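Visitor: I am new to this structure and would like to be walked through it. Could we begin with any term I shall need?
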Amino acid sequence: MAPAVDRPGYWGPPTSTLDWCEENYAASYYIAEFWNTVSNLIMILPPIYGAIQTVRDGLETRYLVAYLGIAAVGLGSWCFHMTLQYEMQLLDELPMIYSCSVFVYCLFECFKNKNSYNYLLLFILILFSVIVTTVYLRLKEPVFHQVMYGVLVGFLVLRSVYIVTWVYPWLRGLAYTSLGVFLIGFLLWNIDNIFCDTWRDLRQKMPPVLGAVTQFHAWWHILTGLGSYLHILFSLYTRTLYLKYRPKVKVSTCVMQPSGHAGSSSSALQDASKLCL
Ligand SMILES: CCCCCCCC/C=C\CCCCCCCC(=O)N[C@@H](CO)[C@H](O)/C=C/CCCCCCCCCCCCC
Ligand SMILES: [Zn+2]
């Protein structure tokens with residue numbers, strides 16, 4: 001880090017446990033990290049649109065919660081990067097855990113009947129969120145939060161790979177685009193953290209607009225926002241396909257006709273999904 005480029009600003013010195021590579025209060029006296037703040041719009045506006053569409057199309061409430069979850073992360077992240085205050089950092093990081101838990105619920109419950117609830121999975125995910133929140137509030141260790149979030153993403157990746165390998169291979173493009181965009185974002189997040197000194201030196205020699213392109217934490221926001229949005233589309237698509245085309249097995253008792261009577265086999269053919277006991 002090169003603290004010389006950080007300026008004092010409206011919200012006072014940072015109280016957060018993390019201070020990203022972007023130079024503080026360089027673009028505005030009121031916004032600590034300008035690019036890291038405005039890049040959150042991608043996590044706020046498209047999910048709000050998605051939420052409106054979900055209500056309009058009468059889709060399940062869990063998807064509405066998923067969209068609103070990303071929008072909540074985006075709003076929290078906006079407040080955090082604007083102020084660099086600890087309480088705002090929690091508004092950014094804790095909803096990441098909660099919304100990702102909602103994603104996990106949606107993707108693991110996509111092959112269940114409409115209006116069914118898996119209370120055990122709900123309990124496990126709520127318990128996980130409560131434990132992560134409690135431990136994180138005590139530890140204040142960002143790596144703990146990152147690992148816990150990574151565990152949830154890992155479950156999403158495994159489940160997505162299962163779905164596109166064994167159930168709906170034609171959704172591979174959407175699932176892998178979502179994963180790829182997310183992973184490129186994660187790569188840039190690491191590049192921003194590891195080579196921060198280099199980027200800061202470079203930016204001082206670059207015209208401001210070009211320098212903005214090297215704000216890789218902002219790119220992480222954009223790519224993870226897009227990846228999450230595509231992931232909800234994938235989850236929603238999987239669910240819709242299942243509800244529309246799931247095999248309907250009708251169990252009924254059939255009166256077996258003695259052989260020679262025409263009609264018994266043709267009626268069975270007319271209703272191929274009927275299962276005779
Ligand atoms: C197939 C699935 C791919 C898409 C999964 C998308 C899951 C998205 C869930 C919730 C939305 C959260 C959006 C993230 C917003 C980030 C805001 C942010 O930058 N917050 C920071 C503070 O500004 C915070 O401190 C950052 C934490 C970053 C943690 C990065 C950990 C990433 C772990 C990725 C592990 C990949 C595992 C791959 C396994 C094969
Ligand atoms: Zn951020």
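Guide: One term comes first: two residues are in contact if their C-beta atoms, placed from the backbone, lie within 7 Å. With that in hand, and leaving out residues up to four places away in sequence, His221 touches Asn36, Ser39, Asn40, Ile42, Met43 and Ser77. Please note that this is a predicted model.

Visitor: Which helix is His221 found in, and is the residue buried or exposed?
Guide: His221 is found in helix α10. His221 counts as buried because 28 other C-beta atoms lie within 10 Å, and the cut-off for buried is 20 or more.

Visitor: Which residues does UniProt list for "binding site"?
Guide: The UniProt record, an unreviewed entry, lists His81, His217 and His221. They are spread over 141 residues of sequence, yet they cluster in space, with a largest C-alpha distance of 11.4 Å.

Visitor: What about His81: where is it found, and what does it touch?
Guide: His81 is found in helix α3. Not counting residues up to four places away in sequence, His81 touches Ala32, Glu33, Asn36 and Thr37. His81 counts as buried, because it has 27 C-beta neighbours inside 10 Å.

Visitor: Let us change topic. How many helices and strands are there in the protein?
Guide: There are 11 helices and two strands. From the N terminus on, the elements run α-α-α-α-α-α-α-α-α-α-β-α-β.

Visitor: Where does UniProt place the "transmembrane region" feature?
Guide: The unreviewed entry places it at residues 34-52, 64-84, 96-112, 119-137, 143-162, 174-191 and 218-238. In the model, residues 119-137 are 100% helix and 0% strand, with end C-alpha atoms 27 Å apart. Residues 34-52 are 89% helix and 0% strand, and their end C-alpha atoms are 28 Å apart.

Visitor: And the ligand? Which residues come nearest to ligand 1?
Guide: Of the 31 residues around ligand 1, the nearest are Cys100, Gly150, Leu156, Ser228 and His231. The elements that give two or more residues to this shell are α3, α4, α6, α7 and α10.

Visitor: Which of them gives the most?
Guide: Helix α6 gives the most to the shell around ligand 1, with nine residues. By type, the shell divides into 17 nonpolar, 12 polar and two charged residues.

Visitor: How many residues are in the largest nonpolar core?
Guide: That core has 29 residues, and those with the most contacts inside it are Ala66, Tyr67, Cys100, Phe103, Val104 and Cys106. Helix α4 gives the most to this core, with nine residues. Apart from it lies another core of 20 residues, among them Met82, Ala175, Trp219 and Phe234.

Visitor: What is Val104 in contact with?
Guide: Leaving aside neighbours within four places in sequence, Val104 is in contact with Leu125, Leu152, Phe155 and Leu156.

Visitor: One more residue. Why does Tyr237 count as partly exposed?
Guide: Tyr237 has 17 C-beta neighbours inside 10 Å, so it counts as partly exposed. Tyr237 lies in helix α10 and touches Leu171 and Leu174, not counting residues up to four places away in sequence.

Visitor: Finally, what is the mean pLDDT of the protein?
Guide: The mean pLDDT is 88, and 87% of the residues reach 70 or more. Over residues 249-277, however, the pLDDT is below 50. Where pLDDT is low, the predicted coordinates should not be read in detail. For the complex, the predictor gives an ipTM of 0.96 and a pTM of 0.87.

Note on methods:
Residues numbered from 1 in each chain as written. Chains lettered and ligands numbered in written order. Predicted model: local features only at pLDDT ≥ 70, side-chain atom pairs only at ≥ 80, totals over all residues. Near = placed C-beta within 6 Å. Helix = DSSP H or I, 4+ residues; strand = E, 2+ residues; numbered from the N terminus. Nonpolar A, V, L, I, M, F, W, Y, C, P; charged D, E, K, R; others polar. pLDDT = per-residue confidence, 0-100. UniProt positions renumbered as here; feature names shortened; annotations may be inferred. Core = buried A, V, L, I, M, F, W, Y, C linked by C-beta atoms within 7 Å. Buried ≥ 20, exposed ≤ 12 C-beta atoms within 10 Å, placed from the backbone.
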